[in-house]
Amino acid sequence: MRVSLLLEIVFCFRGGDLELKNTFAKGIHPPGMKELSKDINITEMPAPKTVYIPVVQHIGAKPEIVVKAGQAVHMGQLIAKASGAVSTNIFSSVSGTVKPVQILPLPNGEKAEHIVIENDFSDKYDKLPKLSDPTREQLLQRIRDCGIVGMGGAGFPTDIKMKPQKPVDILLINGAECEPYITCDYRIMLEYTEQLVKGIAYLMKALNVEKAVIGIEDNKPEAIKRIDLYLSNNNITSITTMPLAVKYPQGAEKQLIYAVTKRKVFNGGLPSDVGVVVQNIHTALSTYFAVWDGQTLFRRVVTVTGGGIKKPGNFWIRNGTPVLEIIKHVGYKVENEEFGAQKEKVDALFSELVKLKEDKQPVKEKQAEFKQEREKLEQMQEDTVAKVINGGPMMGAAMSSLETASSKIMSCVLLLNHKEASREPITQCINCAKCAYVCPMNLMPMYIDAYELNKDWANAKKYGAMDCIQCGCCAYICPAKKPLVQSIAYSKKMIKANKI
Amino acid sequence: MNKMIVSSSPHQTKKHNTRTIMLDVLIALVPALIASVLFFGPRVLAVAVVSIACCIVAEFCYNIIRAGKFDINKIPSYSCFDGSAAVTGLLLAMNLPSTVPLWIVPIGAVVAIVIVKMLFGGIGKNFANPALVARIFLFLSFGVVMTTAIGTSGNLIGVDAASSATWLANRSANGNLLMMFLGNTGSAAFGETSALALLIGYAYLSIRKVIDFRMPLIIIGAAFVFALLFDGLPNYQGADILIVSVSHVLSGGLILGAVFMATDYSTSPNTQVGNIIFGVCIAFLTIFLRVFSSLPEAMSFAIVIMNLLVPTIDKYILPRPYAKAKPQVAAADVKPGNTSPTGTDAAAKERAANDKPADQPANKQEAE
């Protein structure tokens with residue numbers, strides 16, 4: 001055993017992994033749960049009868065709606081125009097008639113305008129002209145015209161990202177897909193390999209770099225093999241793949257950059273400060289379709305999965321598909337009248353039982369009846385949706401309403417039934433420091449949480465609240481089940497509000 | 001209208017909680033308990049059971065008094081059932097001689113649970129290791145009773161282990177290292193004898209990731225080095241140096257303290273560098289006090305002294321930030337948007353847009 005490795009093991013400050021060869025320090029290893037959907041081919045989810053396309057599906061200014069109620073639109077037609085530099089175009093995902101705008105909740109709970117279009121199922125398609133050998137300016141314009149945004153979940157307009165302020169020498173493609181359950185990027189890497197690589201080539205030209213690295217986690221050997229095969233068959237040397245250690249959050253920007261290039265993005269900085277730009281796999285694929293085929297961005301591959309659902313899978317879902325339709329397509333149930341009636345029965349029986357106990361009356365047969373009805377309820381709860389998450393279990397947002405619709409940045413719809421969604425009670429912090437042990441940004445979450453509970457924002461900032469990437473490692477490993485991410489996110493908001 | 005469960009991310013957590021961690025510690029102590037029964041007799045079990053029961057009862061009484069009223073529905077959520085009282089009880093028992101009169105045990109339990117832990121805020125808030133403070137309290141207050149209690153009650157194998165004096169009473173190079181490793185030797189507390197059993201517990205805790213496996217190694221390694229420096233090299237020659245140093249490591253509560261007491265969550269520092277300093281200082285203090293003071297066994301004092309210094313260590317030793325910020329940062333041309341989706345891109349760019357003007361007003365004015 002090398003002496004240096006021995007010394008590193010003993011005095012290793014890195015907590016967790018002993019070798020940092022293809023990974024970053026700290027982090028956690030949640031169960032992957034990818035087997036549910038990783039071998040399922042991407043299929044087309046049928047377009048719903050009505051789509052509710054959110055006007056805000058990105059970071060940036062709200063685009064202006066350019067269609068009116070009653071107007072007929074085609075699939076792929078512009079319905080909201082980007083307003084300003086940091087904004088994006090929105091396109092219709094079906095052909096049909098525009099209805100009046102509705103205010104519906106977004107996945108994070110905020111209400112926003114949604115353009116409602118009634119589908120006439122004729123799928124008349126509007127495409128832009130194909131580009132065969134575009135220049136950099138043409139590429140950037142096409143990326144903007146087709147409304148390409150960061151499809152990893154953040155939704156930053158790609159054409160702005162391709163024009164960074166600092167000089168950049170490498171393009172990183174984020175194929176890590178570290179979140180449990182999500183497999184959409186993996187399926188794209190397997191089924192659309194050629195289009196993906198060509199899309200990466202377009203992105204390289206748009207960014208004006210000569211080197212691109214696709215970072216892929218080790219648990220996707222098929223994808224690595226297939227991409228490598230395509231690259232070697234076509235003698236492409238400017239793009240390479242790099243297998244990364246399987247760890248969460250390997251796909252987080254700063255951690256990915258460190259793992260691939262060993263450069264550190266300082267707290268508060270951007271990847272372009274260290275000469276790197278990171279893009280998601282799906283962004284590259286959509287860029288290819290936009291340039292080669294003139295397709296505007298109105299649909300995306302979404303993984304619909306969860307422990308209890310019968311038919312999980314990866315689907316091409318049109319923007320604006322209500323989550324209720326998605327749930328119905330995979331055969332999961334929502335709380336209907338039967339479920340509600342059963343729940344009321346169980347609640348009524350419970351209160352009757354309590355009353356009988358207070359009056360000191362015999363409870364045996366009532367108890368048996370209660371048990372039977374409760375078992376029936378639990379049976380129904382097994383394939384009824386109790387929690388819908390936009391994204392993965394670590395960083396996804398739980399949706400409060402089934403009227404929320406899919407968008408360019410919804411990469412996964414995670415459906416959990418009652419048992420999977422139940423949470424353990426919160427107990428007192430035992431000062432174990434496991435949260436600090438796993439934090440990939442070297443923060444001290446227990447201190448931030450303690451100061452947040454005391455409303456001491458200055459000290460919360462001192463222990464790193466603003467540098468938190470909200471990955472969820474700390475709350476995942478906390479034995480006391482404290483909601484650390486919620487606490488830190490709230491501190492961030494208050495620090496900004498109080499301008500500390 | 002369907003009602004969905006909404007909560008903050010992450011939506012799935014690791015399947016452990018405080019109780020399972022405490023259960024793991026209890027399981028890790030079982031080999032040492034079995035070894036003690038083999039060497040000191042079944043009375044050890046009586047001491048252990050009484051100690052655990054007294055600790056749980058003490059915490060339960062404290063919970064009830066604090067709750068004010070007797071509400072039977074709230075009782076399962078009392079802190080006495082989360083396992084930490086049981087762990088304190090077992091550790092306290094392992095720090096006592098095997099023939100300690102049983103009336104002393106509840107006194108120790110009250111000191112450990114009520115005074116050291118509950119009065120300061122409960123689990124996670126104790127200022128020192130409860131079992132060790134109770135041990136020191138008992139040895140200082142009931143010194144005569146404790147030292148005459150070191151006898152045997154009929155052990156099951158081997159030589160009369162407990163009736164022989166501990167190696168620390170008169171240190172020499174004649175210690176039988178193998179016997180000390182296995183545990184067949186005298187000791188002031190029945191939990192400390194068998195290094196082998198304690199190391200089995202250490203292996204279990206490391207595999208279950210309850211403790212960081214490096215901490216006890218650092219303490220034991222540093223103790224060996226300090227024993228070489230303070231006792232081995234000055235006083236002995238040749239191979240005796242090593243024998244004496246190893247004897248130091250194997251005797252007294254060193255391994256028990258290193259594996260179970262120094263790694264206690266709330267009384268050890270929260271950073272890795274802090275833990276290294278903590279461990280090295282514990283090793284230094286225990287060997288120093290053993291060799292140069294009149295205390296035969298100093299591990300408990302060393303750990304408690306360092307426990308008191310942990311808040312200072314935690315105040316000044318903080319982890320390095322992920323990357324230091326460069327002095328000049330150009331304000332990005334990103335305008336804040338109407339939505340705030342989560343994600344690293346969003347956070348970084350929003351911060352770049354919002355924070356730079358607020359954080360560095362001097363720069364902005366300079367630019368203007």
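1. Start at the end of a helix. α2(A) is followed by A:Gly147, and the phi of this glycine is positive, near 70 degrees. The model is predicted, so the confidence scores in point 2 belong beside every point below.

2. Confidence. Chain A has an average pLDDT of 90. At least 70 is reached by 96% of the residues. One stretch of chain A, residues 13-18, falls below 50. That stretch still has 20 contacts in the model beyond near neighbours in sequence. Where pLDDT is low, predicted coordinates should not be read in detail.

3. Helix α2. The helix spans residues 136-145 of chain A. Which of its residues are buried? They are A:Leu139, A:Leu140, A:Arg142 and A:Ile143. These residues lie on the same side of α2(A), because their arc around the axis is only 165 degrees. An arginine is part of this buried set, as A:Arg142.

4. A:Ser95. This serine sits in the loop between β6 (90-91) and β7 (96-105) of chain A. Is A:Ser95 buried or exposed? A:Ser95 is buried, since its relative accessible area is 0% and the cut-off for buried is under 20%.

5. Polar partners of A:Ser95. A polar atom of the A:Ser95 side chain lies 2.9 Å from the backbone nitrogen of A:Asp123. For the backbone nitrogen of A:Lys124, the distance to a polar atom of that side chain is 3.3 Å. Leaving aside residues up to four places away in sequence, A:Ser95 also touches others, among them A:Val73, A:His74, A:Met75 and A:Phe121.

6. A:Asn336. Here the loop is the one between α9 (323-329) and α10 (337-358) of chain A. A:Asn336 counts as partly exposed, because its relative accessibility is 38% and that class runs between 20% and 50%. Its side chain reaches the backbone nitrogen of A:Phe339 at 3.1 Å. A:Val323 is 13 residues from A:Asn336 along the chain, and their C-alpha atoms are separated by 16 Å.

7. A three-stranded sheet. The sheet is open, with the order β3-β5-β6 in chain A and antiparallel pairing. What are the edge strands? They are β3 (64-65) and β6 of chain A, each pairing on one side only. Between β3(A) and β5 (residues 78-81) of chain A there are two bridges. A:Glu64 has A:Lys81 in β5(A) as its bridge partner.

Note on methods: Residues numbered from 1 in each chain as written. Chains lettered and ligands numbered in written order. Predicted model: local features only at pLDDT ≥ 70, side-chain atom pairs only at ≥ 80, totals over all residues. Heavy atoms only, no water. pLDDT = per-residue confidence, 0-100. Contact = heavy atoms within 4.5 Å. Buried < 20%, exposed > 50% of the residue type's maximum accessible area, 1.4 Å probe, protein only. Helix = DSSP H or I, 4+ residues; strand = E, 2+ residues; numbered from the N terminus. Arc of directions from axis to C-beta. Polar contact = N/O pair within 3.5 Å; in protein donor to acceptor, adjacent residues only side chain to side chain. Pairing = 2+ DSSP bridges.
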